[in-house]
Amino acid sequence: MNPLLKDFNTAPFSQIETSDYTPAITTAISETKKEIEAIVSNAKAPTFENTTAALEFTGEKLARITSVFFNLNAAETNDEIQKIAKEISPLLSEFKNDITLNASLFKKVKVVYDARKSLDLTPEQDMLLEKQYKGFARNGSNLNETDKTKLREIDAGLSKLSLQFGENVLAETNAFEMLI
């Protein structure tokens, strides 16, 4: 089994092969999509627990795997790691948009957000709900379909450019020499 798909607190670097990253990330994206779909398809009225809290705990495996990968990419990269980064960055960008531009999911978040004054939330819960709602709103959930498509194109281009920028900075840093 792919070591990245097992539960771990500390990354099992000695067991991870470079070829493990792409399948692990695509599998984790699929699992997270199922978690999101469970929230969206829940027939019960949206509540803090079945919407906000449930959404907060989606994608934990994906976050853990991508954290390991992108830290490795930033600290100890090579051509193979950079190639994988170029493949998965657009996938992750598209996936992020699939969540933030999901009208059904945003509708549920908005129902909870609009009812927040009557929910008797703790300050932490209120802050989580507000951050979640603003995250959706600021990332295009209120846009019309044409603008959502344009945003997806911009985000895809931005993910590629951000990755290229990081690679350029790393290459320049590695090429730096100071002769005294």
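**Group meeting: core, surface and loops of a predicted model**

Phe176 is exposed, because its relative accessible area is 60% and exposed means over 50%. Keep in mind that this is a predicted model.

Where does Phe176 sit? Phe176 is in the segment after helix 7, and that helix runs 145-175. What does Phe176 form together with Met178 and Ile180? The three residues make a nonpolar patch on the surface. Together they have about 480 Å² of accessible area.

Now the inside. The largest nonpolar core has 37 residues. Tyr21 and Leu105 have the most contacts inside this core. Which elements give two or more residues to this core? There are helix 1 (21-41), helix 2 (48-56) and helix 3 (60-75). Then come helix 4 (79-100), helix 5 (103-114) and helix 6 (123-138). Helix 1 provides the largest share, eight residues.

Take Leu105. Which residues does Leu105 touch, leaving out those up to four places away in sequence? Ile36, Ile39 and Val40 are among them. Leu55, Ile99 and Phe136 are touched by Leu105 as well.

Asn97 is in helix 4. Is Asn97 buried or exposed? Asn97 is buried, because its relative accessibility is 1% and the cut-off for buried is under 20%. Set aside the neighbours within four places in sequence, and Asn97 contacts Asn102, Leu151, Arg152 and Asp155.

On to a loop. Asp120 lies between helix 5 and helix 6.

Last stop, the segment before helix 1. Phe13 is found there. How does Phe13 count, given 48% relative accessibility? Phe13 counts as partly exposed, because 48% falls between the cut-offs of 20% and 50%. Pro3 is 10 residues from Phe13 along the chain. The C-alpha atoms of Phe13 and Pro3 are separated by 8.9 Å.

To recap. The core has 37 residues, and helix 1 gives eight of them. Phe176 belongs to the nonpolar surface patch with Met178 and Ile180. Thanks, over to you.

Notes:
Residues are numbered from 1 along each chain as its sequence is written. This is a predicted model: local features need pLDDT of at least 70, side-chain atom pairs count only at pLDDT 80 or more; totals for chains, interfaces and linings use all residues. Side-chain values use heavy atoms; hydrogens and water are left out. A nonpolar core is a set of buried Ala, Val, Leu, Ile, Met, Phe, Trp, Tyr and Cys residues joined through side-chain atoms within 4.5 Å. Buried means under 20% relative accessible area, exposed over 50%, partly exposed in between (1.4 Å probe, protein chains only). Helices (H or I, at least four residues) and strands (E, at least two) are DSSP runs, numbered from the N terminus. Contact means heavy atoms within 4.5 Å. Patches are made of residues with over 30% relative accessible area and no salt bridge: like charges are joined within 9 Å, nonpolar side chains (Val, Leu, Ile, Met, Phe, Trp, Tyr) within 5 Å. Accessible areas come from the Shrake-Rupley method with a 1.4 Å probe; for residues, only the protein chains shown count as cover. A salt bridge is a side-chain nitrogen of Lys or Arg within 4 Å of a carboxyl oxygen of Asp or Glu.
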